[in-house]
Amino acid sequence: MDAVDRLCSRYLLFFYLLISGSVHQTVSIGVGINYGQIANDLPSPTRVASLLRSINISRIKLYDADQNVLSAFLNSNVEFIIGIGNEIVGSMMDVTKAQAWLQQYVEPYIPNARIACITVGNEVYSSNDTTLMANLLPAMQSVYQALVSIGLDKQIKVTTAHSLNILGNSFPPSSGSFRGDLAQYIQPLLNFHAMAKSPFLINAYPYFAYKDNPNSISLQYVLFEPNPGVIDPNTNLKYDNMLYAQIDSVYSAIKAMGHTDVDVRISETGWPSKGDPSEFGATPDNAAAYNGNLLQRISMNQGTPLMPSVPIDIHVFALFNENLKPGPTSERNYGLFYPDGTPVYNIGLKTGHLLGISNSPASKHVIIAGFFFSLITALFSALILYSDR
């Protein structure tokens, strides 16, 4: 697909349907979004609630249990994942402290807020803190028991999110395995997930693989764009994108530890729209391609080659660019939106639908109209965000 085709397909979405009179299917977006707040210029949670209603995103993942955010979404039917930070994981080993945490951050919002999951810690097994690593599972068990005591263990799942680097091997996907030094932690963790029927969460970023090896990894393969694909020699399954291969490598690693009863979900994935000179591929076009194509896959209820009947479950990172995040420039530029509510790039979010994309030559004749439609959408989002000023 050449540059003109890509430009047309990303901008024409709904407007082309109106002009051509063609009938294309529209589908509701089932994607979740990570709502990070490491910034000093973000809109209020009330305005964020209005923005997300305008694009019909109803699944949000927080990194804490911000009471202002939960209050802003009361009676909104938005599903939340809330978090317990690494800094208090140790204290959660005490069930009385876990119960106190639930009394403060969960019970006041039930049933008017849909809290579906609690993450205990984030990427703990990727840290060098062996005490934290040893405390993680007991803390999760304690939080689970506290939920049992108030009758919410079926409604609210307990889990934790992992970096993909907990894998010792990820290719081919059928040979996926966990790092040997983590086996002592992950085996009992998987037993807990199976017992509690909670998902195994992975933060997966094909961008990192491409950034580190731009000469050997196909950009089209990581962006979900047309490419020859990769064959797993053990299963003969064909992968046309890296994210699905990463998901299946986790499934294989879990199976190697004796479990086929634990679901894998993606708690973070995304692509930065800006980076330092050494951060290859961090551009608005690539970010739009990755996230836009990913939304298309989600809208199709696709499964991976290894698990075709299990639709991928994904929270995109992130809602906003966060200007106070430390690290390279890319860390502050993963957002779908600027803090003022305008899109960083167009990926087809329009009043709750991911609209069918046409690649036909006829669509190119209305590229200017598509551009203005995208501009109007951006202005509309900004007006909603600041309507109560």
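Modeller: Let us begin with helix 2, whose buried residues are Pro45, Arg47, Val48, Ala49, Ser50, Leu51, Leu52 and Ser54; buried here means under 20% relative accessible area, with exposed meaning over 50% and partly exposed lying in between, for a 1.4 Å probe and protein chains only. The model is a predicted one, in which local features need pLDDT of at least 70 and side-chain atom pairs count only at pLDDT 80 or more, while totals for chains, interfaces and linings use all residues. Residues are numbered from 1 along each chain as its sequence is written, and side-chain values use heavy atoms, leaving out hydrogens and water.

Because eight of the ten residues of helix 2 (residues 45–54) are buried, this helix is largely enclosed by the rest of the structure. A helix here is a DSSP run of H or I with at least four residues, numbered from the N terminus. Just after helix 2, Asn56 takes a positive phi of about 60°.

The axes of helix 4 (residues 95–105) and helix 5 (residues 130–149) come within 8 Å and cross at roughly 60°, where axes are lines fitted to C-alpha atoms over the stretch in contact and angles run from 0 to 180 degrees between N-to-C directions. Helix 4 and helix 5 are therefore oblique to each other; angles under 35 degrees count as roughly parallel, over 145 as roughly antiparallel, 65 to 115 as roughly perpendicular and the rest as oblique. The contact, meaning heavy atoms within 4.5 Å, is made by Val95, Ala98, Gln99 and Leu102 of helix 4 and by Ser142, Val143, Gln145, Ala146, Leu147 and Ser149 of helix 5.

Helix 5 also packs with helix 6 (residues 183–196), at an angle of about 15° and with the axes 11 Å apart, and these two helices are therefore roughly parallel to each other. On the helix 5 side, this contact is made by Thr130, Met133, Ala134, Leu137, Met140, Gln141 and Tyr144, while helix 6 brings Tyr185, Pro188, Leu189, Phe192, His193, Met195 and Ala196. These residues divide into eleven nonpolar, three polar and no charged, where Ala, Val, Leu, Ile, Met, Phe, Trp, Tyr, Cys and Pro count as nonpolar, Asp, Glu, Lys and Arg as charged, and the others, Gly among them, as polar.
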